[in-house]
Amino acid sequence: MSETQKIEIRSLRKSFGSNEVLKNINLGVAKGGVVALIGPSGSGKSTLLRCINLLVVPDGGSVRVGDTHFAFGDGAKPPDVKTLAKFRATTGMVFQHFNLFPHMTTLENVMEGPVTVRRMAKADAEKLARTQLAKVGLAEKADQYPATLSGGQKQRVAIARALAMEPDVMLFDEATSALDPELVGEVLNVIQQLASEGMTMVIVTHEIAFAREVADRLIFMRDGVVVEEGPARQVIDNPREAATRAFLSHFHRTGALPPATTAS
Amino acid sequence: MYQWDFGILWSYRWLFLNGLGVTVGFTVVIVVCGLLFGLFGAFGTLSRFKALRLLALTFIEAFRCTPILVQLIWFYYALPILAGVEMTPITASALALSLYGGSFYSEIIRGGIISIDRGQSEAGAALGMTPIQTMRRIVLPQAIKRMIPALMNQSIIQFKNTSLVSVLAVPDLVYQSQVAAHDSYRPLETYTAVAVAYAAILIPLTILVRRGEKRLAVSE
């Protein structure tokens with residue numbers, strides 16, 4: 001894989017107890033590329049995503065994001081907490097269940113990273129946070145607590161919170177799976193906008209039509225291995241592997257994105 | 001029919017006030033020290049280091065599973081013999097009550113911390129926070145809210161437990177009222193007054209804390 005790859009994963013292995021979740025995974029994401037990870041539950045796609053920002057520390061293999069490289073297993077010393085924290089600050093992650101901080105207002109949620117991690121002055125962080133909130137269409141919700149927001153709004157705040165760290169890559173872990181169907185569109189729109197701005201992204205999703213639309217590459221995983229990989233449209237429209245075909249048969253693969261209900 | 005005569009207590013007012021002062025002062029000390037022991041116990045049991053976990057667990061169970069009255073007597077009478085540590089009754093009872101309270105505070109604090117969804121610390125970590133920053137900025141502010149009712153409950157028990165120090169002749173409210181009761185031959189009036197005094201301090205406190213809880217719950 002060439003040096004233009006923003007993310008490079010080599011021979012990645014991870015077990016939880018006796019359960020081998022990732023078996024020798026290789027993955028590359030080009031700078032500005034969007035990769036969609038799909039697969040049935042328990043296929044290891046979320047674990048793989050969490051290995052990219054080392055929220056899950058792999059047992060073996062290597063992870064490189066930008067210029068930062070980590071090797072695991074076989075005598076490699078696991079990175080210490082400071083190194084891990086510094087590395088994670090350069091990657092943004094969005095979770096299925098939003099994980100907003102309920103004791104902080106929307107604005108404070110978005111300011112938290114810049115203030116606590118980047119040691120930014122409060123005034124600068126607030127300006128940055130307001131910009132990010134405006135970007136996801138929630139400028140006027142700045143002073144509300146997360147409990148008062150809809151699921152779609154919460155997820156957009158979570159995206160703004162991750163973006164406020166000005167990350168090199170964004171990781172989405174089933175960002176729309178916990179949303180009511182009518183709220184999916186507003187979140188997908190924000191992700192699509194990020195893609196068009198050239199953000200490098202890895203997206204774990206069940207929205208096959210969305211993956212076809214936004215991702216340039218698609219990876220289908222099952223039982224901890226990559227079964228099929230290729231250009232998103234090609235894999236979705238003409239899957240080579242029987243397992244991929246069987247999985248995709250459960251979805252509507254094409255068609256318009258869910259309508260963006262601007263409920264903000 | 002018993003003839004109540006509370007008027008007689010008036011002549012012992014300084015004795016009672018003195019005792020009340022000792023009781024309140026004692027409570028402040030054992031709540032503060034107890035919370036410190038509680039923090040040690042909670043973070044010890046949650047530690048990555050096995051030795052620390054074991055130490056914290058031993059402390060918690062040793063003090064949680066033995067009667068406080070036995071601990072008080074043990075600290076005052078047994079420690080000097082076994083370890084050559086001489087303590088005044090006040091030091092011995094402050095230490096025993098702090099450790100006893102601390103063992104319960106430990107479990108309250110630990111329970112509060114682990115009740116916060118794992119996703120919260122994951123979100124902190126994903127932003128690039130260190131575990132200590134995540135604990136301080138994300139987990140503890142939420143956990144403390146949940147701990148308050150239980151911490152208050154335990155502190156009320158601690159306040160009342162100070163009455164046991166009278167067995168080591170620490171001149172608290174109960175000890176002084178024993179003196180007054182023996183002197184006046186009016187134990188009924190004396191102990192009724194003591195019970196009212198405890199309640200008169202605690203009830204306003206509980207109301208204050210309930211108000212505080214409501215104020216804290218505003219973001220939920």
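Student: What makes residues of helix H2 (residues 81-88) of chain A count as buried, and which ones are they?

Tutor: This is a predicted model, by the way. The cut-off is under 20% relative accessible area, and in H2(A) the residues called buried are Leu84(A), Ala85(A), Phe87(A) and Arg88(A).

Student: How do you know where they sit around the axis of H2(A)?

Tutor: Their arc is only 165° around the axis, so they lie on the same side of H2(A). The other side of the helix carries Lys82(A) and Lys86(A), both exposed; that label takes over 50% relative accessible area.

Student: What covers the buried residues of H2(A)?

Tutor: The cover includes H1, E4, E5 and strand E6 (91-94) of chain A, and also helix H5 (118-127) of chain B.

Student: Why is the sheet in chain A called open, and which strands stand at its edges?

Tutor: The strand order is E2-E1-E4-E5, with antiparallel pairing. Strand E2 (19-30) and strand E5 (68-72) of chain A each have a single partner strand, so each has one side without a neighbour in the sheet. From one strand to the next, the twist averages 10°.

Student: What makes E1 and E2 of chain A a pair?

Tutor: Pairing needs at least two bridges. Strand E1 (residues 5-16) of chain A and E2(A) have eight, in the antiparallel sense, so they qualify under the rule of at least two.

Student: How do you know what helix H1 (residues 45-52) of chain A packs on?

Tutor: By what H1(A) touches: E1, E2 and strand E4 (60-65) of chain A, which places the helix on the sheet. Its direction makes about 60° with that of E2(A).

Student: What makes a group of residues a nonpolar core, and how many residues are in the largest one?

Tutor: The members must be buried nonpolar residues joined through side-chain atoms within 4.5 Å. The largest core has 53 residues, and Ile159(A), Met170(A), Phe172(A), Ile191(A) and Met201(A) touch the most other members. Helix H6 (residues 181-196) of chain A gives the largest share, eight residues. Beyond its neighbours within four places in sequence, Phe172(A) has contacts including Leu49(A), Val94(A), Ile159(A) and Val204(A). There is also a second, separate core of 41 residues, with Leu37(A), Phe70(A), Met93(A) and Ala126(B) among them.

How values were computed: Residues numbered from 1 in each chain as written. Chains lettered and ligands numbered in written order. Predicted model: local features only at pLDDT ≥ 70, side-chain atom pairs only at ≥ 80, totals over all residues. Heavy atoms only, no water. Helix = DSSP H or I, 4+ residues; strand = E, 2+ residues; numbered from the N terminus. Axes fitted to C-alpha atoms, helices over the stretch in contact; angles between N-to-C directions. Contact = heavy atoms within 4.5 Å. Buried < 20%, exposed > 50% of the residue type's maximum accessible area, 1.4 Å probe, protein only. Arc of directions from axis to C-beta.
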